[in-house]
Amino acid sequence: MTKTYLPVKLKILLATVSIFLVGFTASAQENQPWSVNNSPLPAATGFVNDYAGVIDPPVKEQLEAKLKNLKETTNPSVEIAVAIVRTTGERAIFDYSLATARGWKIGSKEDDNPSALLMVAIDDRKYFTQVSKDLEDELPDGVVGNLQRQYLVPEFRQGNYGKGISDTIDAYIQTIESKRSGTDAPPAANTDSGRPIGTTRGFSGGFCCLIGVGLLLLIIFSNRGGGKSGRDNDRWGGGGFGGGGSALPWVIGSILASGSGGGSSSSGSWGGSSGGSDWGGFGGGGDFGGGGAGGDW
């Protein structure tokens with residue numbers, strides 16, 4: 001079978017035309033008229049879309065698991081998405097985030113489709129959370145702004161983008177759940193390992209200190225009362241804690257550590273982390289009217 005070879009000049013011509021067409025297509029896409037209903041970003045690949053590369057994979061997996069769980073366990077289901085970019089260019093972050101929320105069609109197609117989008121522009125140092133019309137009762141503008149200033153801004157100023165976003169999402173979820181349950185409990189203050197820092201830890205720490213003092217007094221009075229026996233040079237040597245005098249400090253230290261939470265970490269109520277491997281896209285809503293709040297850091 002005879003092979004047909006194209007002339008070199010024709011190959012060069014075809015390659016030039018191909019390059020021109022690719023460049024023309026890309027230019028045409030970039031110069032499309034701005035629309036607040038079309039996303040300036042590519043299609044979402046999960047609940048969390050980090051185009052700036054500032055969130056560590058484990059944190060991203062945990063966020064995906066939280067947001068997936070929120071969608072599956074709420075009725076009507078709540079979809080919250082996160083988008084992180086380097087910059088929104090000359091476009092205000094409000095317009096940019098609104099176009100993304102609508103273009104991605106976050107939320108369900110049902111009449112009641114609560115949803116939100118947390119948008120962060122790293123180089124611009126700006127953020128905005130778009131809240132859909134059906135989620136504004138649970139997340140009114142004032143509450144959203146306060147939560148972002150409390151949880152997002154301090155961490156962002158330290159460069160802890162993953163923690164700032166994760167803590168803010170946790171606060172949103174807790175607020176939504178408390179509103180729907182009728183408790184209206186405000187989100188806990190700054191957290192550590194999933195537990196509030198404040199009265200609970202202070203109480204447990206004080207209680208453990210009392211235990212430690214009680215054990216110390218027990219040692220003192222026991223030593224005063226017994227003295228040495230002919231068969232035992234140390235009252236704690238063979239009995240009691242069964243491991244010599246050094247065992248008791250270890251017991252006290254263990255009690256203090258367990259009470260203060262110093263030796264443990266909690267993954268919270270979400271259990272293990274799971275990624276968005278079964279991502280099926282958002283529900284097709286996009287009913288955003290400009291509700292929400294934002295700012296800079």
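The expected span of a helix is 1.5 Å times one less than its number of residues, where helices (H or I, at least four residues) and strands (E, at least two) are DSSP runs numbered from the N terminus. By that rule, the 17 residues of helix H2 (residues 57-73) should span 24 Å, and the end C-alpha atoms of H2 are 24 Å apart, which agrees. This is a predicted model, in which local features need pLDDT of at least 70 and side-chain atom pairs count only at pLDDT 80 or more, while totals for chains, interfaces and linings use all residues. Residues are numbered from 1 along each chain as its sequence is written, and side-chain values use heavy atoms, with hydrogens and water left out.

Within H2, the buried residues (under 20% relative accessible area, with exposed meaning over 50% and partly exposed in between, for a 1.4 Å probe and protein chains only) are Leu63, Glu64, Ala65, Lys66, Leu67 and Leu70. These buried residues of H2 pack against E1, strand E2 (79-85) and helix H5 (161-181).

Five strands form an open sheet of mixed pairing, in the order E1-E2-E3-E4-E7; two strands pair if DSSP finds at least two bridges between them. Strand E1 (48-50) and strand E7 (291-296) stand at the edges with a single partner strand each, so one side of each is left without a neighbour in the sheet. Strand E4 (residues 126-131) and E7 run antiparallel and are joined by six bridges, and Val131 has Gly291 in E7 as its bridge partner.

Over the whole protein chain there are seven helices and seven strands, which follow the pattern α-β-α-β-α-β-β-α-α-β-β-α-α-β along the sequence. Of the 297 residues in the protein chain, 32% are buried.

As for confidence, pLDDT is the predictor's confidence in each residue, from 0 to 100. The mean pLDDT of the protein chain is 73, and 57% of its residues reach 70 or more.

| Stretch | pLDDT | Contacts beyond four places in sequence |
|---|---|---|
| Residues 189-209 | under 50 | 25 contacts |

Where pLDDT is low, the predicted coordinates should not be read in detail.

Definitions and conventions: Contact means heavy atoms within 4.5 Å.
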